[in-house]
Amino acid sequence: MEQALLSHTAEVGASTDQRPLNLRHIEIFRAIMLSGSICSAGKILHVSQPALSRTLALAESRLGYPLFERTKRRLVPTPEARRLYAEIEDVYERMRGINSLAANLAQGSMAVLKIATSSCFEQTLLPLALTSLQSHVRNLRALTRTFKAAEVAHELLSGNVDLGISLTPIEHPRLATQQVGEDKVVCVMPRTSPLRHKAVIRAEDFLSHPWIGYPPQAPLGKTLRRFLGSHADAVCAIEADTPVAASAYAKNGLGSAIVNAASLPPEIRERTIIRPLDEDPRIGIWASHSNLTPPSVACQKLIAAIRCLAKEQLQKDVAARVPDEA
């Protein structure tokens with residue numbers, strides 16, 4: 001379908017419809033710019049690919065020039081499309097501002113920052129970062145939602161959120177992703193675990209007693225497989241989809257789990273035993289936002305706060321004394 005679209009664009013200049021673009025043309029063009037493909041734009045708008053292709057072809061006919069070129073199986077915006085998008089996004093940004101103002105007039109003027117995050121960051125890192133942010137940004141209203149990494153990308157591309165925080169980089173041509181820190185990966189275990197006497201947990205120790213795993217493609221699932229090495233295909237007692245869930249299972253005596261330190265709230269730390277892992281593995285903390293418009297001041301300040309907190313925590317972890325092995 002996209003190939004047919006591109007065949008059409010080569011003929012756009014030959015037959016130009018002089019009527020202006022309508023709002024539907026603009027909406028579809030913007031969705032393709034945000035998502036990078038006809039297929040993804042169709043999912044965002046809940047419209048079939050053929051209908052989108054026809055509407056885009058009509059828009060190009062009215063403009064008299066192509067909006068996209070195909071390069072390595074992707075739709076690449078032409079210079080004209082990028083210039084047009086900048087104007088369109090400016091209008092959408094003003095509309096979002098109007099809607100935010102209308103919704104918040106009863107509460108007074110305030111800045112709104114919408115955040116999509118992995119659940120593990122809602123335990124300590126994000127609350128601390130938001131506390132820091134509120135001291136620098138007046139009348140801030142933060143809307144947080146938890147998603148998996150693939151879902152964070154969709155929320156960003158759909159314009160539902162301003163910032164995504166995840167344990168893995170999100171790769172998409174319409175998103176800017178940066179690593180803002182690292183988190184230690186540790187072993188959390190029941191207080192009665194035979195491993196509690198170990199100063200450092202090795203793979204053979206971990207596998208010698210009931211343990212909690214993750215889906216292989218989950219960020220910590222990949223970390224766990226690297227930690228287990230040649231035993232990566234061993235079968236766990238329980239499989240969890242998040243470190244928050246894995247920690248809760250460990251707290252209730254169901255086995256040991258590897259988690260990122262930021263996912264451990266104080267109540268979990270008080271009711272479990274935490275030990276470092278052999279070779280001290282780390283996992284990245286990543287921030288993502290649209291690269292089509294600059295991030296807001298609040299968004300930039302939150303990224304800076306997360307970066308600072310992650311650095312401070314990692315320094316504390318490195319400096320912390322490890323108990324002697326019994």
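**Entry 1**

I looked up His46 and found it exposed, with a relative accessible area of 72%; exposed means over 50% relative accessible area, buried under 20%, and partly exposed in between, with a 1.4 Å probe and protein chains only. The model is predicted, so I note that local features need pLDDT of at least 70 and side-chain atom pairs count only at pLDDT 80 or more, while totals for chains, interfaces and linings use all residues. Residues are numbered from 1 along each chain as its sequence is written, and side-chain values use heavy atoms, with hydrogens and water left out.

His46 sits in the loop between helix 3 and helix 4 (49–63). Helices (H or I, at least four residues) and strands (E, at least two) are DSSP runs, numbered from the N terminus. The phi of His46 is near 60°, a positive value in a residue other than glycine.

I then turned to Glu279, which is not a glycine but has a positive phi of about 70°. Glu279 belongs to the loop between strand 10 (272–276) and strand 11. Glu279 is exposed, at a relative accessible area of 75%.

**Entry 1: the whole chain**

I recorded twelve helices and eleven strands in the chain. Of its 326 residues, 44% are buried. The accessible surface comes to about 16,900 Å², and 52% of this belongs to carbon and sulfur atoms; the areas come from the Shrake-Rupley method with a 1.4 Å probe, and for residues only the protein chains shown count as cover.

I also looked at contacts, meaning heavy atoms within 4.5 Å. Among contacts between residues at least 6 apart in sequence, 76% join residues at least 24 apart.

**Entry 2: the cores**

Which residues have the most contacts inside the largest nonpolar core? They are Phe206 and Leu302, in a core of 54 residues. A nonpolar core is a set of buried Ala, Val, Leu, Ile, Met, Phe, Trp, Tyr and Cys residues joined through side-chain atoms within 4.5 Å. Helix 12 (residues 297–319) gives the most to this core, namely seven residues. A second, separate core has 19 residues, among them Met33, Leu34, Ala51 and Leu56.

I listed the contacts of Phe206, leaving aside neighbours within four places in sequence; they include Cys187, Leu195, Trp211, Leu224, Phe227, Leu228 and Ile258.

**Entry 3: helix 9**

In helix 9 (residues 219–228) I found Leu220, Gly221, Thr223, Leu224, Phe227 and Leu228 buried. Seen down the helix axis, these buried residues fall within an arc of 160°, so they line one face of helix 9; the arc is that of the directions from the helix axis to the C-beta atoms. They pack against strand 6, helix 8 (203–207), strand 7 (212–213), helix 10 (243–251), strand 9 (257–260) and strand 11.

The buried residues I noted in helix 7 (residues 149–157) are Val152, Ala153, Glu155, Leu156 and Leu157. Their cover includes helix 2 (23–35), helix 3 (38–45) and strand 3 (111–117). Just after helix 7, Gly159 has a positive phi of about 80°.

Is Arg174 buried or exposed? Arg174 counts as buried, at 7% relative accessibility. Arg174 lies in the loop between strand 5 (163–166) and strand 6 (175–190). Leaving aside neighbours within four places in sequence, I found Arg174 in contact with residues including Met33, Leu34, Leu157, His289 and Asn291.

**Entry 4: salt bridges**

I took a salt bridge to be a side-chain nitrogen of Lys or Arg within 4 Å of a carboxyl oxygen of Asp or Glu. By this rule the count is eight.

Arg24 forms a salt bridge with Glu27, and their closest N and O atoms are 2.3 Å apart. Arg24 and Glu27 are three residues apart in helix 2, so about one helical turn separates them. Arg24 is partly exposed at 33%, and Glu27 is partly exposed at 29%.

Glu87 and Arg83 also meet in a salt bridge (2.9 Å, N to O). Both lie in helix 5, four residues apart, about one turn of the helix. Glu87 is partly exposed at 42%, whereas Arg83 counts as exposed at 53%.

A further salt bridge joins the side chains of Asp280 and Arg282 (2.8 Å, N to O). Salt bridges that share partners join Glu182, Lys184, Asp280 and Arg282 into one network.
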